[in-house]
Amino acid sequence: MKKIKIAIGCLVQWYEVEIIEEYIISLRQAIDHYGADNVIADFVLTGNETLEKSEIKTSELLNRIASKVVKHLGAPIDLRMIYNQEDLITISSYRKEFNDKYCTEADVLVWGESDMLVPKEMFTTINQVHNLLQDTWNGIGKYITTFGICKMWDESWKHLEHPEFTDKPFIEGDKDNWWSLRYNMTLDEMNAFNNKVEELDIRVFDKLKFNGCGLVISSDVIKSGVNIPQSAFFVHEDTAFMVMAKKILPDIKQIHVANILLVHNRKHPKKRSYIKGEEVIQDTSDVGKMRKTHKWYDIA
């Protein structure tokens, strides 16, 4: 089977210094599982303090982040890392530029996140899906791919939930049960689910529904003109991208690999560190409440 080129990109803010290593280690596993020659690992590290101030020098935090990246993702991986101390870079602006830059260098793009755990099977599965679409399903080149996720908060996400999660109850604020939206899963726990997979459970959807964590996009989608609008400033860039994909490519397919679990530790207590004016949170069910204490967030 032909191996395609895959680019995976992650914006790392200075305050994500304590969480990023888990993402990097999981990414390394996935690269080793697929082959380093066929993966581009893109990182942009930003120390800008326009929105939030750091208790220590952001250059020191970026150096710590960079050392973790290099430690786990050194040669022979095609590692591309940029420091940016000056500019305000949001997830929207980063992903827009990532799409533009790499759609001509890779066959498939993946949106990474600091609180994401990359399944070790991710790239091999992407490769299998891409070749299946080209060789068997009439050469479909414009598609989105998603993986199974944890239990979500309403029924509209049910078809995207991992089969072992979807029949579990949603409990508001629950952080103790492994299927919960707020549970922080380890890499070993995720691997335990995925190690059981003998045959991929691939489903095809005509209507798009996804979040940005681990989103897989064929480069032909970006080449067709689909991207994040400039007007998407800070949040909901995934929804904005989805809306544009529906408008420009109304017949686009979403290929969902239901039984490969992709973890999004969105409430991880290490997501926000060294931010001036915020208390250190070690045990909370909603770390996002600290971001909302800043006026800029509601304004944005």
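This passage walks through the fold of one predicted chain, from its overall build down to single residues.

Residues are numbered from 1 along each chain as its sequence is written, and side-chain values use heavy atoms, with hydrogens and water left out.

Start with the whole chain. Its C-alpha atoms fill a box of roughly 55 × 40 × 35 Å along the principal axes. For 300 residues, a compact globule would have a radius of gyration near 19 Å, and the chain agrees with its 19 Å (the radius is taken over C-alpha atoms, and the globule rule is 2.2 Å times the number of residues to the power 0.38). Buried residues make up 55% of the chain; here buried means under 20% relative accessible area, exposed means over 50%, and partly exposed is in between, using a 1.4 Å probe and protein chains only. Of the contacts with a separation of 6 or more, 78% are between residues 24 or more positions apart, a contact being heavy atoms within 4.5 Å.

Next comes the secondary structure. The chain has nine helices and 10 strands, where helices (H or I, at least four residues) and strands (E, at least two) are DSSP runs numbered from the N terminus. Eight strands make up an open sheet with mixed pairing, in the order β3-β2-β1-β4-β8-β6-β9-β7; two strands pair if DSSP finds at least two bridges between them. The edges belong to β3 (78-84) and β7 (202-205), each with a single partner strand, so one side of each has no neighbour in the sheet. On average, neighbouring strands are turned by 20° against each other, direction ignored (axes are lines fitted to C-alpha atoms, for helices over the stretch in contact, and angles run from 0 to 180 degrees between N-to-C directions).

Which way do β2 and β3 run? Strand β2 (residues 39-46) runs parallel to β3, and seven bridges join them. Along this pairing, threonine 46 is opposite asparagine 84. Strand β6 (residues 143-148) has six of its six residues buried, so the rest of the structure largely encloses it. On one pairing, six bridges tie β6 to the parallel strand β9 (residues 253-261), with threonine 146 opposite histidine 256. Another pairing is antiparallel: two bridges join β6 to β8 (residues 216-218), and isoleucine 144 has isoleucine 217 as its bridge partner. Elsewhere in the sheet, strand β4 (residues 108-111) holds tryptophan 111, which is buried at 0% relative accessible area. The C-alpha atoms of tryptophan 111 and leucine 215 are 5.3 Å apart, although 104 residues separate them along the chain.

Now for the rings. There are 11 aromatic pairs in the structure; rings of Phe, Tyr and Trp (its six-membered ring) pair if their centres lie within 6.5 Å, and planes under 30 degrees apart count as stacked, over 60 as edge-to-face and the rest as tilted. One of the pairs is tyrosine 34 with phenylalanine 123, tilted at 55° between the planes and 6.3 Å centre to centre. This pair links distant parts of the chain, 89 residues apart: tyrosine 34 is in helix α1 (residues 20-34) and phenylalanine 123 in helix α4 (residues 122-135). Both residues are buried. Tryptophan 153 and tryptophan 157 have ring centres 6.3 Å apart and planes at 70°, so that pair is edge-to-face. Tryptophan 153 is partly exposed at 42%, while tryptophan 157 is buried at 9%. Ring pairs also link Phe165, Trp178, Trp179 and Phe193 into a cluster.

Charges turn up over rings too, which here requires NZ of Lys or CZ of Arg within 6 Å of the ring centre and within 35 degrees of the ring normal. Lysine 3 has its charged end over the ring of tyrosine 34, 4.9 Å from the centre. Arginine 272 lies over the face of tyrosine 15, at 5.1 Å from the ring centre.

Most residues other than glycine have a negative phi, and most peptide bonds are trans. The bond from alanine 75 to proline 76 is cis, with omega near 10°, and proline 76 is in the loop between α2 (58-73) and β3. Tyrosine 274 is not a glycine, yet has a positive phi of about 65°. This tyrosine 274 is in the loop between β10 (263-264) and α8 (288-291) and counts as partly exposed at 28% relative accessibility.

Note on methods
Predicted model: local features only at pLDDT ≥ 70, side-chain atom pairs only at ≥ 80, totals over all residues.
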